[in-house]
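Thanks for coming. I will go through one chain today, and the sequence and structure are up next.

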Amino acid sequence: MSINMTNDLEPAAYRELLEGTNLEENQRQALLELIQRYEQLLAENARLRKALLRANAHQGSRMSTKLKEALYE
């Protein structure tokens with residue numbers, strides 16, 4: 001089975017693919033742990049993106065306030 005890992009499959013799709021394989025239990029467990037870590041990293045990435053967007057939005061408005069103050073001087 002050939003899988004292109006750059007397709008960014010959802011973790012559920014990886015779990016489904018894993019179910020269709022003939023692996024030893026320790027190999028299956030290792031892959032399940034990797035999938036769980038992948039899920040955690042996806043969630044953390046989403047949280048960090050939102051935090052960055054909020055920080056940039058806040059900083060952008062602060063910079064425009066500084067520009068307004070400079071123009072009023």
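Some housekeeping. This is a predicted model, where local features need pLDDT of at least 70, side-chain atom pairs count only at pLDDT 80 or more, and totals for chains, interfaces and linings use all residues. Residues are numbered from 1 along each chain as its sequence is written, and side-chain values use heavy atoms, with hydrogens and water left out.

The chain has two helices and zero strands; these are DSSP runs, H or I of at least four residues for helices and E of at least two for strands, numbered from the N terminus. Of its 73 residues, 7% count as buried, that is, under 20% relative accessible area with a 1.4 Å probe and protein chains only; exposed is over 50%, and partly exposed lies in between.

Back to Arg-28, which is found in helix α2. Arg-28 is buried yet has no salt bridge, meaning a side-chain nitrogen of Lys or Arg within 4 Å of a carboxyl oxygen of Asp or Glu. How far away is the nearest side chain of opposite charge? That is Glu-19, at 4.4 Å; Lys and Arg count as positive, Asp and Glu as negative, and His and the chain ends are not counted. The Arg-28 side chain does reach the backbone oxygen of Thr-21, at 3.1 Å.

Last, Leu-34, also placed in helix α2, residues 25-72. Leu-34 counts as exposed because its relative accessibility is 56%.

How values were computed
A polar contact is a pair of N or O atoms within 3.5 Å; within protein, one must be able to donate a hydrogen and the other to accept it, and residues adjacent in sequence count only if both atoms are side-chain atoms.
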